[in-house]
Amino acid sequence: MGNPVNVNGVTLTLKDFRKFDTNISADNVPTGPLVNMSRDDSGNSTTPNTITVLAYLPDNTLNPVDNSSGLQLQGNEIYLNYYGVTPTRILNKEGGYDTVNCRDFRVEFNCDERATQYDLYYVQFAYQLDEGTPSVDMILVRSENDDPETDRGTVTGPVVEDGDGN
């Protein structure tokens with residue numbers, strides 16, 4: 001669908017982007033995008049990962065984004081950008097916190113008005129590591145307003161099955 005873009009040792013390729021639903025009340029918008037990550041094989045670091053994101057973005061007028069180094073999704077108003085590896089605190093099984101390294105992806109837009117209605121966008125992209133780029137355990141995907149009042153995000157990782165299907 002789109003031309004690949006290389007940013008910080010990662011090649012991003014847009015597979016699909018479309019507006020999925022419209023006129024969603026702000027009361028019905030979750031706190032972060034919904035994210036799924038999959039890989040076509042046993043987890044070789046050079047195999048592309050496919051990321052599917054359902055992102056809620058304001059239906060207000062959007063302004064040009066500040067960072068346009070990633071995948072252009074809609075004109076100069078919506079981009080998928082990659083910010084490298086970011087240490088991120090996550091809740092562990094014991095109720096405490098661990099710090100893990102995450103690949104930091106952001107669906108970025110610039111809206112200077114408070115939104116009361118949102119549109120739901122379907123974004124699917126693949127990313128592939130350049131040779132020598134270290135792998136990490138998780139990714140962080142956020143929808144981020146360049147003029148933020150609240151930004152929303154989700155941390156996810158690939159499911160690795162053992163030989164028993166677990």
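**From sheet to ring cluster**

Five strands form an open sheet in the order β1-β2-β8-β4-β3, with antiparallel pairing. Strands here are DSSP runs (E, at least two residues), numbered from the N terminus, and two of them pair if DSSP finds at least two bridges between them. β1 (5-7) and β3 (34-39) stand at the edges with a single partner strand each, so one side of each lacks a neighbour in the sheet. From one strand to the next, the twist averages 30°; axes are lines fitted to C-alpha atoms, and angles run from 0 to 180 degrees between N-to-C directions.

The model is predicted: local features need pLDDT of at least 70, side-chain atom pairs count only at pLDDT 80 or more, and totals for chains, interfaces and linings use all residues. Residues are numbered from 1 along each chain as its sequence is written, and side-chain values use heavy atoms, leaving out hydrogens and water.

β2 (residues 10-25) and β8 (residues 117-129) run antiparallel, joined by 12 bridges. Isoleucine 24 stands opposite tyrosine 118 in β8.

Next, the core. A nonpolar core is a set of buried Ala, Val, Leu, Ile, Met, Phe, Trp, Tyr and Cys residues joined through side-chain atoms within 4.5 Å. Buried means under 20% relative accessible area (1.4 Å probe, protein chains only), exposed over 50%, partly exposed in between. The largest such core has 28 residues, of which Val53, Phe105, Phe125 and Tyr127 touch the most other members. β8 gives the most to this core, with 5 residues. A second, separate core of 6 residues includes Ile24, Val29, Tyr56 and Leu120.

Now the rings. Rings of Phe, Tyr and Trp (its six-membered ring) pair if their centres lie within 6.5 Å; planes under 30 degrees apart are stacked, over 60 edge-to-face, the rest tilted. The count comes to 5 aromatic pairs. Tyrosine 82 and phenylalanine 105 have ring centres 5.0 Å apart and planes at 35°, so the pair is tilted. Tyrosine 82 lies in strand β6 and phenylalanine 105 in strand β7, 23 residues apart. Tyrosine 82 is buried at 2% relative accessible area; phenylalanine 105 is buried at 0%.

Phenylalanine 105 also pairs with phenylalanine 125: centres 5.2 Å apart, planes at 55°, so this pair is tilted. Phenylalanine 125 is in strand β8, 20 residues from phenylalanine 105. Its relative accessibility is 0%, which counts as buried. Ring pairs link Tyr82, Phe105, Phe125 and Tyr127 into a cluster.

Key. Helix = DSSP H or I, 4+ residues; strand = E, 2+ residues; numbered from the N terminus.
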